[in-house]
Amino acid sequence: TACPLDCVEKGEAYDVEYRVKLPQGETRWIRATGKTYYNAQDQPIRFDGTTQDVSRQKVAEAELRTQAGRQKLLWDAAAVLLTAADPDTMKRTLYGKVIKYLGVDAYFNFMVDEANACLHLVSSVGMPEEALQSFKKLSFGEAVCGTVAIRKEAIVADHIQSSSDPIVQLIKGFG
């Protein structure tokens, strides 16, 4: 790829891709290629080039990158599942590999403590240790995890910072 001036002054090939926004608001990818032709005195006499819409190619390339990333994640996850010495190590390692695909900041793994009728924090990633002290144990019905334990069904909590739902207030407090 060369700049237009280099194409003329240095005889380098011109090959660039760029985005354009159409009047309807749609964005398209364009590939422009060209070459400068010179006379016997080495002066530029013409520049021939082409432009083509490569939007479909760009979409396909992005899809291939996504698929390749997912395949790598699958292979990495399989390796963790086959080699992890204990469940906590497995969860921590898997979380580290899938975090960017999930779009989350932290995970918590609570186990039911039947004897004390509460949930006990077994492992977590993404929170400072001092912050974890406030919820090493949760009562049934407390916060999101305690509520899940009572309802025995998944809860999706989104837009936490703007939520007034009492079950997300503990998490909300961590920003």
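For the class counts used here, Ala, Val, Leu, Ile, Met, Phe, Trp, Tyr, Cys and Pro are nonpolar, Asp, Glu, Lys and Arg are charged, and the others, Gly among them, are polar. On that scheme, the lining of the largest pocket comes out as 15 nonpolar, four polar and two charged residues. This is a predicted model, so local features need pLDDT of at least 70 and side-chain atom pairs count only at pLDDT 80 or more, while totals for chains, interfaces and linings use all residues. Residues are numbered from 1 along each chain as its sequence is written, and side-chain values use heavy atoms, with hydrogens and water left out.

**Sheet 1-2-3**

- Three strands make an open sheet in the order 1-2-3, and the pairing is antiparallel. (Strands are DSSP runs of E with at least two residues, helices are runs of H or I with at least four, both numbered from the N terminus; two strands pair if DSSP finds at least two bridges between them.)
- On average, neighbouring strands here are turned by 25 degrees against each other, direction ignored. (Axes are lines fitted to C-alpha atoms, for helices over the stretch in contact, and angles between N-to-C directions run from 0 to 180 degrees.)
- Eight bridges link strand 1 and strand 2 in the antiparallel sense, and R19 sits opposite W29 of strand 2.
- The hairpin of strand 1 and strand 2 has five residues between them, with G25 in the turn at a positive phi of about 100 degrees.
- Strand 2 (residues 27-38) and strand 3 (residues 44-53) are antiparallel too, over nine bridges.
- Two pairs to look up here: T36 stands opposite F47 in strand 3, and I30 has D53 of strand 3 as its bridge partner.
- The hairpin of strand 2 and strand 3 also has five residues between the strands, and there D42 takes a positive phi near 65 degrees.

**Sheet 4-5-6**

- Another three strands form an open sheet in the order 4-5-6, with antiparallel pairing.
- Its edges are strand 4 and strand 6 (137-139), each of which pairs on one side only.
- Neighbouring strands of this sheet are turned by 35 degrees against each other on average, direction ignored.
- Strand 4 and strand 5 run antiparallel and are joined by seven bridges; F108 stands opposite S124 in strand 5.
- Four residues lie between strand 4 and strand 5 in their hairpin, and A117 in the turn has a positive phi of about 50 degrees.
- Strand 5 (residues 118-125) pairs with strand 6 over three bridges, again antiparallel, and C118 has S139 of strand 6 as its bridge partner.

**Helices on that sheet**

- Helix 3 packs on the sheet and touches strand 4 and strand 5, its direction making about 50 degrees with that of strand 5. (Contact means heavy atoms within 4.5 Å.)
- Helix 3 isn't straight: it bends by about 40 degrees at G96. (The bend is the angle between axes fitted to the seven residues ending there and the seven starting there.)
- After helix 3 comes G103, with a positive phi near 70 degrees.
- Helix 5 lies across strand 4, strand 5 and strand 6, at about 50 degrees to strand 6.

**Pocket and cavity**

- Both terms come from a 1 Å grid over the protein atoms alone: a cavity is a set of points where a 1.4 Å probe fits but cannot get out, a pocket is an open set with protein on both sides within 12 Å along at least five of seven lines, and lining residues have an atom within 4 Å of a point.
- The largest pocket has a volume of about 680 Å³. (Grid points are joined across faces, edges and corners, and a volume is the space filled by probe spheres set on the points.)
- Of the 21 residues lining the largest pocket, V104, A106, F108, I160 and I171 lie nearest its centre.
- Helix 3 (87-102), strand 4 (107-113) and helix 5 (143-151) are the elements giving two or more residues to that lining.
- Searching the whole structure turns up one cavity of 30 Å³ or more; the largest cavity has a volume of about 80 Å³.
- The lining of the largest cavity has ten nonpolar, no polar and no charged residues, among them F108, F110, F135 and I171.
- Strand 4, helix 5 and helix 6 (169-172) each supply at least two residues of the cavity lining, and helix 5 has the largest share, three residues.
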